[in-house]
Amino acid sequence: MNTNPAGSHQQYPAGGPSPYTAPPGYHAQQQHPQHAPAAAGHSKVATALLVASTVLVGLMAGLFFAFDVSVMPGLAAGDERTYVTAMQAFNKAIDGNGLFGMAFILALLVSGASAIVEFRKGRRNVAVWVAAAAVAYFVVLMITFSVNIPLNNELAAVGDAAQLKDFSIVDKFKGTWVTTNILRTLLCTVALTGLSRALVLYGRATR
């Protein structure tokens, strides 16, 4: 008759596990605890592209908005010769400014690059908002190249405003140019809103 006195150790078959032996991999887990994985795809490049896109589009939105609320209404309050002279000077200054030209084009290129990076990193919700912003800004460029720039060139071609007899070009600016500039402002605002939303989603995804 076998008895197991109180306090004695339980017997295990030869080669069986001992209750005092740590399971396989226990010590490795203790030395290298499993941490929650970092947010997928978080990188300085992705962050820089998204922030740069937002800043560049914001600058363009601010420029167009300034024309809407101050420059064009102010010129419209004056005489036509002053209108022509001032707009010629504004256009010449902007066209000759390399910093403006760089921001104007890079806003689209950087936004497009950011959308591609976010898509490849698997952050599809972020990519959708950035892509929508890039499309809105692309429309801004199309309006600029098809309407505003041709009108600017037409205005430059009239020459000295002091010698000008036909001021029909002023009517085109007060009508077409001003209207399309308001549209550019609205589209840039839409793009900026999309990028702002993308920044929020990006922050949540990479937290």
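1. Leu 199 has its place in helix α6, where helices (H or I, at least four residues) and strands (E, at least two) are DSSP runs numbered from the N terminus. The model is a predicted one, in which local features need pLDDT of at least 70 and side-chain atom pairs count only at pLDDT 80 or more, while totals for chains, interfaces and linings use all residues. Residues are numbered from 1 along each chain as its sequence is written, and side-chain values use heavy atoms, with hydrogens and water left out.

2. Leu 199 counts as partly exposed, at 30% relative accessibility; buried means under 20% relative accessible area, exposed over 50%, and partly exposed in between (1.4 Å probe, protein chains only). Neighbours within four places in sequence aside, Leu 199 is in contact with Leu 50, Val 51 and Thr 54, contact meaning heavy atoms within 4.5 Å. The C-alpha atoms of Leu 199 and Val 51 are 7.7 Å apart in space, although the two residues are 148 residues apart in sequence.

3. The protein has 6 helices and 0 strands, and the elements run α-α-α-α-α-α from the N terminus on. Of its 207 residues, 31% count as buried. Among contacts with a separation of 6 or more, residues 24 or more positions apart account for 80%.

4. Two further positions in helix α6 are Thr 193 and Ala 191. Thr 193 is partly exposed, at 48% relative accessibility, and its C-alpha atom is separated by 9.9 Å from that of Val 57, 136 residues away along the chain. Ala 191 is buried, at 1%. Apart from neighbours within four places in sequence, Ala 191 is in contact with Val 57, Ala 133, Ala 136 and Tyr 137. Ala 191 and Ser 111 are 80 residues apart in sequence and 9.7 Å apart in space, C-alpha to C-alpha.

5. Thr 206 belongs to the segment after α6. Thr 206 is buried, with a relative accessible area of 15%. From C-alpha to C-alpha, Thr 206 and Arg 123 are 9.5 Å apart in space and 83 residues apart in sequence.

6. The largest nonpolar core has 28 residues, and those with the most contacts inside it are Leu 50, Met 60, Val 126, Val 130, Tyr 137 and Cys 188. Such a core is a set of buried Ala, Val, Leu, Ile, Met, Phe, Trp, Tyr and Cys residues joined through side-chain atoms within 4.5 Å. Helices α2, α4, α5 and α6 (168–205) each supply at least two residues of this core. A second, separate core of 16 residues includes Phe 67, Leu 75, Val 84 and Ala 86. As for Val 126, its contacts, leaving aside neighbours within four places in sequence, are Leu 50, Glu 118, Ala 198, Leu 201 and Tyr 202.

7. Helices α2 (residues 44–76) and α3 (residues 80–95) have axes that come within 8 Å and cross at roughly 145 degrees. Axes are lines fitted to C-alpha atoms, for helices over the stretch in contact, and angles run from 0 to 180 degrees between N-to-C directions. On the α2 side, Phe 67, Val 71, Met 72, Leu 75 and Ala 76 meet Thr 82, Tyr 83, Ala 86, Met 87, Phe 90 and Ile 94 of α3. The residues of this contact divide into 10 nonpolar, 1 polar and no charged; Ala, Val, Leu, Ile, Met, Phe, Trp, Tyr, Cys and Pro count as nonpolar, Asp, Glu, Lys and Arg as charged, and the others, Gly among them, as polar.

8. A search of the whole structure finds 6 aromatic pairs. The rings of Phe 104 and Tyr 137 are edge-to-face, because their centres are 6.5 Å apart and their planes at 70 degrees. Phe 104 lies in helix α4 (residues 98–120) and Tyr 137 in helix α5 (residues 124–157), so the pair ties together parts that are 33 residues apart in sequence. Phe 104 is buried, with a relative accessible area of 6%, and Tyr 137 is buried at 0%. Rings of Phe, Tyr and Trp (its six-membered ring) pair if their centres lie within 6.5 Å; planes under 30 degrees apart count as stacked, over 60 as edge-to-face and the rest as tilted.

9. Ring pairs also link Phe 67, Phe 90, Phe 173 and Trp 177 into a cluster. The charged end of Arg 184 sits over the ring of Trp 177, 5.5 Å from its centre. Arg 124 lies over the face of Phe 119, at 4.1 Å from the ring centre. A charge sits over a ring if NZ of Lys or CZ of Arg is within 6 Å of the ring centre and within 35 degrees of the ring normal.
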